[in-house]
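Please load the model in your viewer and keep the selection tool at hand. We will go from one stop to the next, selecting a few residues at a time.

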Number of protein chains: 2
Amino acid sequence: MFAFIFTTFEPLQYNHYMNYRIGVDIGGTNTQIGLVDENGKIKNVSVIGTRDFSTFSAYSKHLSETILKMCPRIGTLLGIGIGAPNGNIHNGTIEFAPNLPWKGILPIQADIQKLTNFPAFVTNDANAAAMGEKLYGGAKNMNDFIVITLGTGVGSGIYSNGQLISGHHGFAGEIGHVITVPHGRLCACGRNGCIEAYASAQGIVKTYLETNGEKDTNTSITTKNIYDLACNGDESAIQTFEKTAELLGLTIANSVAYTNPEAIFLFGGIVKSGNFLIDPLKKHMEENLLVNYKGKIRLLVSELEEANAAILGASALVV
Amino acid sequence: MFAFIFTTFEPLQYNHYMNYRIGVDIGGTNTQIGLVDENGKIKNVSVIGTRDFSTFSAYSKHLSETILKMCPRIGTLLGIGIGAPNGNIHNGTIEFAPNLPWKGILPIQADIQKLTNFPAFVTNDANAAAMGEKLYGGAKNMNDFIVITLGTGVGSGIYSNGQLISGHHGFAGEIGHVITVPHGRLCACGRNGCIEAYASAQGIVKTYLETNGEKDTNTSITTKNIYDLACNGDESAIQTFEKTAELLGLTIANSVAYTNPEAIFLFGGIVKSGNFLIDPLKKHMEENLLVNYKGKIRLLVSELEEANAAILGASALVV
C-alpha cells in the first residue's frame, strides 16, 4: 500500500514542477518536433514531411497542430524554439532558404505564435547547436566558445561574453563562408574558396576524388566510406583527411583571432572520423595560431548526441 | 555687473558638474597623457619619454605623478584609461610588448591604481580606438561594428551586442593577424601571410617596391610618398593601393561573416589616401561578401581626429 501511494505520487509531483520546451528542427526533407524537459531529456518526438505541403501556411498550420498535441498534460510549456536553414533570430523569419520548398521570406515565428499561443523563437541550425551546447552540452560553464557544424554544409554559432553573437542583420557566425582559398573551389553560395567547399561532406568527397586523380563525376561515395578506407590504410583516404584538416585548421586558427574563444566545439557525423581528422586538425590549428593563443585554445567534440542535437539546440532558444 | 556675475558663475557651475577622464597612450617612444572632459574635449596634454626610464617601476611612478598633477581642480576625475601595445583588458597588464623597453608581464593597472588612488583600466590600442569611436565618434548609436586601425601594425576592436569583445584570454580582435595569404609574406609576428604584412605601412611600401620590381632594400619611401605618386598618376603607386585593397577587402568581407557588423570603421593615416584606397576597398569587400550581407555593410572612415584618437580611446575605457 505504501509503495503504491509512493509510486503514484512521486511522478505526479515531479512532473508538476517540470518546465518543458518544444524544439523544432526544420530540414529540407523532414521536420522533427521534440518535447524536451528541463534536464535536456527528449520525452516525445513527432516527424512531419517538410515537402508534404504545397504552401507555407498549410505547413505552419499542420506544424502548430502537431505542437499542440505534444503539450505536456502536467507541467509548464515555456515556449517553442525553431532551428531552420537561414533562420533569422532578429526577424523571426526563414529567409531565402535554398533547400526548402517555399521561396522568399517565411514568417515562421509569427505563424507559430498565432496558431499555438506560445512564444516562439527562430534561429539557424548552427546557432541552435551552439545554444544547445551551452544549455545542455560541454559549454555549460563557458562564456566564449564557437561551435562549428560539419555536415551537408559548414555552419557555426559564436558565443562571446556569455551571449550568442547574432549580428546587426541576424546573420553572424557564417564561418562556413569564410574564404580560405582565394579563387578556390566553387561553393554552393556561388562564390569561390569558402571553407564549406572543402570541409562539408561533399567537399571532403571531392578532395578524395581529386587525390585519387578521378574526375568529379556522379559518385555514390560518402565520407563514411572514406573513413572506412582510411581505417584500412588507404593512402588517398588518409591524405583526404589531412588536406581537409590543413584548410579547416587554418580557418579555425583565423577564427580564434576574432573572438578569442576558450574552446572550439566540432559537431557532426564527420567528427566521428576520430583521429584521422581531429589529430591533424589540432596540429594545423596550433601551427597557425598567433603566439598569444598558442597552447590555450581547446579543440573539442560536441557533447550533444547527434540524433538529438537539432531538437535540443532548437529548444535551447527558449530561455 | 550682471555680465560679470554671469561669466564667473557660469564656468564654475559648468566645471563643478563636469566629469573628467584621464587617457594614457603608451607608445614605444612617447607616452601621452590627456585630461578629457565628458564631451570628449581634451583639456590638457602631457608627454613623457617612454624610454627615459630604466625600470618599469620608475616609469609607472613618474607616470602616476604626472597624472596626479593633471587632476582637475574643479570637477570629478572618474578614472584612468590606458591604451598600450599588448594591453590585456582582463589582467590589467601589458604582456610581452615587442616595442617597449621592459620585457615580460607589466602590472600597469595595479601600479597606477596604487600610486594614484584612482581606478585604472588597460586595453590594447585598437580596442581603445573602438571604445573611442563608440563613446565620441561615428559608432555612438551602433551595437555591432568593427574598427580596423591601419598604421605601423594592423589592429582591430570588435563590438557585438553593444559590448566590446574581449575574449577568454583578453586578446580578441586580432584581425591584423588573420592569415589571408597562406604561405605568404613573413609577418612581424613570425608567421606568414597575415594581413598586417600587406596592409600595414611597411606592407604597403613593400608592395610598392615589388610592383616596381625593386628589391626590398633599405628604403626611405613612405606611404605618404606613395600617395603623392598616385596623385601624380604613377601607375605603380595606383596599383599598390589596388593590390592592398584586394587583400584587405577580402579580409574585411571574411570578418563580416563572424560578427555581422553594421559598419566597419577604418582608422589611421593611410585612410587619408582617399579614393586610391577606399574606392577599390569598397569594391573588393562587396565582391567577396556572402549574399546575406551584400549591399548592407557600411565601410566608413573613423570620425576621431588621428592626433587625439589614442588619448580619447584610452579615456573611453573609464565608464
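Is B:R185 buried or exposed? Select it in this predicted model: B:R185 has 10% relative accessibility and counts as buried, because the cut-off for that class is under 20%.

**Stop 1: the partner of B:R185**

The side chains of B:E210 and B:R185 form a salt bridge, with 3.1 Å from N to O. B:E210 belongs to helix 6 (residues 201-211) of chain B, while B:R185 sits in the loop between strand 11 (163-164) and helix 5 (196-199) of chain B, so this contact ties together parts that are 25 residues apart in sequence. Colour by accessibility if you like: B:E210, at 48%, counts as partly exposed, whereas B:R185 is buried.

**Stop 2: a pair in chain A**

Now switch to chain A and select A:R298 with A:E262. Their side chains meet in a salt bridge at 3.8 Å, N to O. Here, too, distant parts of the chain are linked: A:R298 is in strand 13 (residues 298-301) of chain A, and A:E262 is in the loop between helix 8 (235-259) and strand 12 (263-267) of chain A, 36 residues apart. A:R298 is partly exposed at 43% relative accessible area, and A:E262 is buried at 15%.

**Stop 3**

Next, show residues 30-37 of chain A, which make up strand 2. Of the 8 residues in this strand, 6 are buried, leaving it mostly covered. Bring in strand 1 (residues 19-26) of chain A, which runs antiparallel to strand 2 of chain A and is joined to it by 7 bridges. To find one of these bridges, pick A:D25 and look across to its partner A:Q32 in strand 2 of chain A. A hairpin of 3 residues connects the two strands.

On to strand 3 (residues 42-49) of chain A: strand 2 of chain A pairs with it in the antiparallel sense, over 7 bridges. Select A:L35 and you will find its bridge partner, A:N44, in strand 3 of chain A. The hairpin of strands 2 and 3 of chain A has 4 residues between the strands, and A:G40 takes a positive phi near 80 degrees there.

**Stop 4: a salt bridge to finish**

Finally, select A:D37 and A:K43, whose side chains meet in a salt bridge of 3.9 Å, N to O. A:D37 is buried, with a relative accessible area of 2%, while A:K43 is partly exposed at 48%. If you want to continue on your own, the count of salt bridges over all chains comes to 12.

Terms used
Residues are numbered from 1 along each chain as its sequence is written. Chains are lettered from A and ligands numbered from 1 in the order in which they are written. This is a predicted model: local features need pLDDT of at least 70, side-chain atom pairs count only at pLDDT 80 or more; totals for chains, interfaces and linings use all residues. Side-chain values use heavy atoms; hydrogens and water are left out. Buried means under 20% relative accessible area, exposed over 50%, partly exposed in between (1.4 Å probe, protein chains only). Two strands pair if DSSP finds at least two bridges between them. A salt bridge is a side-chain nitrogen of Lys or Arg within 4 Å of a carboxyl oxygen of Asp or Glu.
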